[in-house]
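Hi,

Here is the structure I promised to pass on to you. Have a look at it first, and my notes on what turned up follow below.

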Amino acid sequence: IVRTVIDNRRGIDYLETRGDIDVERLAMLGVSMGGIFGGILAAVEPRIDAAALIVAGGRWDLLLANSPHPRAQKLQQLGIQSEVVQQAMRVVEPVNFVGHIAPRPVLMVNGEQDQIIPRVCAEALHEAANEPKQVIWYEDGHVGMTPEVVGQVIEWLAKQCGVAAAQPAG
């Protein structure tokens with residue numbers, strides 16, 4: 001996780017070398033594990049002006065205890081206790097980072113029926129975030145975002161970067 005955050009920061013370093021990128025208006029969007037890691041990245045990387053965390057959550061212990069994700073189930077089968085996971089992962093616990101994104105804005109989008117990132121994990125991340133924050137719940141699971149919700153995310157990102165959102169074709 002730490003290596004991924006460092007690699008993403010080096011990616012921003014690269015973007016700063018490009019004349020065709022406006023690095024004064026950087027937003028990040030992370031989905032699922034990318035949202036979990038992205039919350040950490042946005043917290044430690046001041047060059048990110050806004051963060052959209054899609055189907056992300058916090059509390060590794062709750063994730064292990066409540067998610068049917070194959071990796072969580074493997075740890076359960078091995079008898080790894082949630083408390084052990086929480087202790088081992090405390091230095092990369094998203095709940096410990098997401099509040100540090102502020103005063104930059106954060107958007108969090110989660111599915112009400114998501115089992116991969118259970119509601120309790122999403123709510124833990126939402127509660128740990130500071131203002132300005134916006135939370136959107138949609139009615140489906142981990143991958144069921146409607147085009148309307150996707151449009152809301154695009155509009156939010158465009159607004160944060162000071163650009164007009166592209167209108168959907170058709």
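**Notes on the model**

R47 sits in the loop between α2 (33-44) and β2 (50-54); helices (H or I, at least four residues) and strands (E, at least two) are DSSP runs, numbered from the N terminus. Before going further, please keep in mind that this is a predicted model, in which local features need pLDDT of at least 70 and side-chain atom pairs count only at pLDDT 80 or more, while totals for chains, interfaces and linings use all residues. Residues are numbered from 1 along each chain as its sequence is written, and side-chain values use heavy atoms, with hydrogens and water left out.

**Around R47**

The side chain of R47 makes two polar contacts worth a look. One is with the side chain of D13, at 2.7 Å, and another, of 2.8 Å, is with the side chain of E16. A polar contact here is a pair of N or O atoms within 3.5 Å; within protein, one must be able to donate a hydrogen and the other to accept it, and residues adjacent in sequence count only if both atoms are side-chain atoms. If neighbours within four places in sequence are set aside, R47 is in contact (heavy atoms within 4.5 Å) with R9, R10, I12, D13, E16 and L26.

**The sheet**

Four strands make up an open sheet with parallel pairing, in the order β1-β2-β3-β4. Its edge strands are β1 (27-31) and β4 (133-138), each of which pairs on one side only. On average, neighbouring strands of this sheet are turned by 10° against each other, direction ignored. Two strands count as paired if DSSP finds at least two bridges between them. In general, strands of a sheet pair through backbone hydrogen bonds, either parallel or antiparallel.

β1 and β2 are joined in the parallel sense by five bridges, and V31 stands opposite I54 in β2. Strand β3 (residues 106-111) runs parallel to β4, with six bridges between them; there G111 is opposite Y138.

How many residues of β2 are buried? Five of its five are, and the strand is mostly covered. Buried means under 20% relative accessible area, exposed over 50%, and partly exposed in between (1.4 Å probe, protein chains only).

α2 lies across β1 and β2 and runs at about 145° to β1. Helix α8 (residues 147-161) lies across β1, β2, β3 and β4, at about 165° to β2. For these angles, axes are lines fitted to C-alpha atoms, for helices over the stretch in contact, and angles run from 0 to 180 degrees between N-to-C directions.

Because nine of its twelve residues are buried, α2 is largely enclosed by the rest of the structure. The buried ones are G35, I36, F37, G38, G39, I40, L41, A42 and A43, and they pack against α1 (2-16), β1, β2, α3 (60-66) and α6 (94-97). The length of α2 also checks out: at 1.5 Å a residue, its twelve residues should span 16 Å, and its end C-alpha atoms are 17 Å apart, which agrees. The expected span is 1.5 Å times one less than the number of residues.

**Backbone points to check**

Most residues other than glycine have a negative phi, and most peptide bonds are trans. A cis peptide bond joins A102 and P103, with omega about 15°; P103 is in the loop between α6 and β3. E131 and P132 are also joined by a cis peptide bond, with omega about 5°, and P132 is in the loop between α7 (119-128) and β4.

S32, in the loop between β1 and α2, has a positive phi near 60°. R59, in the loop between β2 and α3, has a positive phi near 70° and is partly exposed at 29% relative accessibility.

**H126 and the cysteines**

Not counting residues up to four places away in sequence, H126 touches M108, N110, K133, V135 and W137.

C121 is buried at 1% relative accessibility, and C161 is buried at 14%. A search of the whole structure finds zero disulfides, taken as pairs of cysteine sulfur atoms within 2.5 Å.

Best wishes
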